[in-house]
Amino acid sequence: MFKLRYFSNAWKIAVVIPILKHGKNPKLAESHRPISLLAILSKLAEKIISARLNDYLEKENILVPEQHGFRPRLSTTQPLLRVVEYIKDGIDRHQYTAAVFLDIQKAFDRIWHTGLLFRLIMYKIPPPLILLLKSYIVDRSFTVKINRTFSQVRPAKAGVVQGSILGPVLFNLYVNDILKSTNIMICMYADDTAILSRHYNPNTLTQNINEHLAHLEIWFSVWKIALNTTKTEAVFFTQRRPPPEITLQKPKNSLVSTHQIRRCYN
């Protein structure tokens, strides 16, 4: 496989099992979570590729420190501690603290293959490994199984496979250059992203958050990542008057209008 830089087409067909989400309408497709069943040999091959790719990423220190998902010696505990300490420090300083928790729609399913390959080249992944990963992500297909019935086989033109070993690593690379600024703290666990900021002046705090969100949404649009604005929430941590509103400003060519983020206070 490594010598030929080729991932077998026989391993690229996924059997998707839809699992109903709790409390959702079973008649709606979006109420189900797709679980992909992959060939055993495919999983073994991914394990080998993932080990080599992760070794290179750690050796070259490529992944940003804000990303904690699916990395050695890291778990959900680290970003949670960062968020709690950031908020606590803001309260001790008598500052306003705002946190925006972004919900990305079908994050793994929407990865743009051309953009992912560009990322691999940009981060100077060894060319033989890039060619193997290209063979891995292209020309994939899936069939949906309900009870004992299988659907027609359909091509997967975007995304990385749900339930795969390489999928989370490739997603981390895809969002690795997420926009950052000096007055914003970002915490990530794969596609779960929290943006935090604090300031003594509530108007300045809101302006900082809104400006960063506006730039971030352009970045999401360029890389074909969609935000679920109805599930994105802003939380204010303050013992004083709540700051002004925080909004998600969509790009001018977007069909989605400006959305007011739901707020709660602590």
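Figure 1. Arg71 counts as buried at 14% relative accessibility, where buried means under 20% relative accessible area, exposed means over 50% and partly exposed lies in between, with a 1.4 Å probe and protein chains only. The view comes from a predicted model, in which local features need pLDDT of at least 70 and side-chain atom pairs count only at pLDDT 80 or more, while totals for chains, interfaces and linings use all residues. Residues are numbered from 1 along each chain as its sequence is written, and side-chain values use heavy atoms, with hydrogens and water left out. Arg71 forms a salt bridge with Glu58, with 3.7 Å between the closest N and O atoms; a salt bridge here is a side-chain nitrogen of Lys or Arg within 4 Å of a carboxyl oxygen of Asp or Glu. The pair links distant parts of the chain, 13 residues apart, since Arg71 is in the loop between H1 and helix H2 (77-92) and Glu58 is in helix H1; helices (H or I, at least four residues) and strands (E, at least two) are DSSP runs numbered from the N terminus. Glu58, at 33% relative accessibility, counts as partly exposed.

**Figure 2. The salt bridge between Glu66 and Lys180.** The side chains of Glu66 and Lys180 meet at 3.5 Å, N to O. Because Glu66 lies in the loop between H1 and H2 and Lys180 in the loop between H5 and E7, the pair ties together parts that are 114 residues apart in sequence. Glu66 counts as buried at 14% relative accessibility, whereas Lys180 counts as partly exposed at 45%.

Figure 3. Within helix H2, Lys88 and Asp92 lie four residues apart, about one turn of the helix, and they form a salt bridge whose closest N and O atoms are 3.3 Å apart. Lys88 is partly exposed, with a relative accessible area of 45%, and Asp92 is partly exposed as well, with 48%.

Figure 4. Helix H1 has 20 residues and reaches 29 Å from its first C-alpha to its last, close to the 28 Å expected at 1.5 Å a residue, the expected span being 1.5 Å times one less than the number of residues. Buried residues of H1 include Ser42, Ile49, Leu53 and Leu57.

**Figure 5. Leu57 in the largest nonpolar core.** This core has 51 residues, of which Leu53, Leu57, Ile125 and Leu170 touch the most other members; a nonpolar core is a set of buried Ala, Val, Leu, Ile, Met, Phe, Trp, Tyr and Cys residues joined through side-chain atoms within 4.5 Å. Residues up to four places away in sequence aside, Leu57 touches Ile62, Leu63, Ile125, Val169 and Leu173, contact meaning heavy atoms within 4.5 Å.
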